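Please examine the model shown below. The paragraphs after it consider how its parts are arranged and where they meet.

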Amino acid sequence: MTSSANAFQSGVSVRSVSKSFGQTRVLSDISLEIGPREFLTLLGPSGCGKSTLLRIIAGLDHADEGSIALGNQTVDGLLPRERDVAMVFQSYALYPYMTVAENIGLPLLMRRTRSWQRLPLIRRLHPVARAATGTIARDVRRAAEALQIETFLDRKPGQLSGGQRQRVALARAMVRNPRVFLMDEPLSNLDAKLRVAARAEIAELHRRSGVACIYVTHDQVEAMTMSDRVAVMMGGEVLQVAPPAEIYDRPAELRVAEFVGSPKINILPGTVRSDGGIDVPGGALAIQSRLPAGTAVSVGMRPEHCDVAPGLGAGGIHGRVRHRENLGSDLFVHVETAGEHRIVARSVPEIAAAVPPDATVTLRPRPDRALLFDRAGRRL
Ligand SMILES: Nc1ncnc2c1ncn2[C@@H]1O[C@H](COP(=O)(O)OP(=O)(O)O)[C@@H](O)[C@H]1O
Ligand SMILES: [Mg+2]
């Protein structure tokens, strides 16, 4: 947990992994390389195969094709406990009848003692078992202190809040000093406030441990805030693997662009003009696209890259205000343009009075930030 010079520290290689359940193909030829100290997030909608991939890495499930390596060791033939990975689940999977300390220490007890040494009387009397019990207690305390749950060690999970239980599950994963952390939506049972705190906690734990972490979530905010790199998955495929800022600013595909960012990126159908500009419903984009005239494109504009001004100005995209959301810090203006296309623009609350519902407005997307996609959804 503490040593950044963990002798077992290793990266993870996922090599051409495919998996079907019956007739349904859940993973299609997935390949990923995770660095030895890296925090990689698998981000995608529910049902896209994230948990299945994580379970295959953990050894809880088996790929139909492909291979998994930890460091330079292929682990396909190894049982989950032989792989030396620590997994944290959404459900925490704590044993309700054991104390917090026993829950955290369980993986150590399983590893450092033989089954007969775990019998209660022998644990107290046999010298090897007693020594193991002593070092386990020390390691448990250290992990508990790191997560600030040392005062709950004698309680049962039922006496803890959701956030505290979550920390117990994390402590149990940390205490083992694993080669890799695997986390499957570990924060989804927490309320919004706790989730923000827990995000920071997990990211910091990862930094201090120096152990690779593969983190599964459908929550783009978690993925964007915690990760070194994000692998966006959909329909059993990896669409893009890149640092969060690159996923956001330079999405490889329309599907990636639409999955990250809140409010969602605006998409309009467009046609390239002979001067390189692009005609869109309600107006035009003054950009130099260098695409052949007449090319049909999808134009992506993030709300924060779309300026909005009252009245019908020259150029830009004309529309009518349908709805406003004033968050205090930001004002989101929902505008309907020709053909009933909706565009959300982010502005400042100060202009709220000037853009009431039904007002006509002019949208001016920042030309350097517009994203163009071809008909198949690939970025141009
Ligand atoms: N043991 C199983 N048997 C049959 N289908 C499964 C099994 N596990 C998962 N699936 C299916 O595989 C797909 C991917 O599931 P999963 O990996 O859990 O997705 P995610 O974690 O991204 O939500 C889903 O359609 C799910 O119903
Ligand atoms: Mg899942």
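The structure is a predicted model. Its protein chain comprises 380 residues, of which 48% are buried. Along the principal axes, the C-alpha atoms occupy a box of roughly 90 × 45 × 40 Å. The secondary structure of the chain consists of 10 helices and 20 strands. When contacts between residues at least 6 apart in sequence are considered, 65% of them link residues at least 24 apart.

The domain assignment divides the protein chain into domain 1, covering residues 12–255, and domain 2, covering residues 264–373. A distance of 42 Å separates the C-alpha centres of the two domains.

The interface between these domains may be described next. On the side of domain 1, five residues are in contact with seven residues of domain 2. Together the two domains bury about 570 Å², and carbon and sulfur atoms account for 59% of this area. Of the area that domain 1 buries against domain 2, 79% is supplied by Tyr248, Asp249 and Leu254, more than by any other three residues.

Polar interactions also occur across this boundary. Three residue pairs are in polar contact between domain 1 and domain 2, with both residues of each pair at pLDDT 80 or more. The count of salt bridges between the domains is one. Asp249 forms a salt bridge with Arg369, in which the closest N and O atoms are 2.9 Å apart. By class, the side of domain 1 that touches domain 2 comprises three nonpolar and two charged residues, with no polar residues.

Attention may now turn to helix H1. Why is helix H1 described as largely enclosed by the rest of the structure? The helix spans residues 50–58, and seven of its nine residues are buried, so the rest of the structure largely encloses it. The criterion applied here is a relative accessible area under 20%. The buried residues of H1 are Lys50, Thr52, Leu53, Leu54, Ile56, Ile57 and Ala58. In an α-helix, residues three or four places apart point the same way, because there are 3.6 residues a turn. After H1 comes Gly59, which has a positive phi near 90°.

Terms used:
Residues are numbered from 1 along each chain as its sequence is written. Chains are lettered from A and ligands numbered from 1 in the order in which they are written. This is a predicted model: local features need pLDDT of at least 70, side-chain atom pairs count only at pLDDT 80 or more; totals for chains, interfaces and linings use all residues. Side-chain values use heavy atoms; hydrogens and water are left out. Domain bounds come from an automatic or database domain assignment. Contact means heavy atoms within 4.5 Å. Buried area is the accessible area (1.4 Å probe) that two parts lose on being put together, summed over both. A salt bridge is a side-chain nitrogen of Lys or Arg within 4 Å of a carboxyl oxygen of Asp or Glu. A polar contact is a pair of N or O atoms within 3.5 Å; within protein, one must be able to donate a hydrogen and the other to accept it, and residues adjacent in sequence count only if both atoms are side-chain atoms. Ala, Val, Leu, Ile, Met, Phe, Trp, Tyr, Cys and Pro count as nonpolar, Asp, Glu, Lys and Arg as charged, and the others, Gly among them, as polar. Helices (H or I, at least four residues) and strands (E, at least two) are DSSP runs, numbered from the N terminus. Buried means under 20% relative accessible area, exposed over 50%, partly exposed in between (1.4 Å probe, protein chains only).
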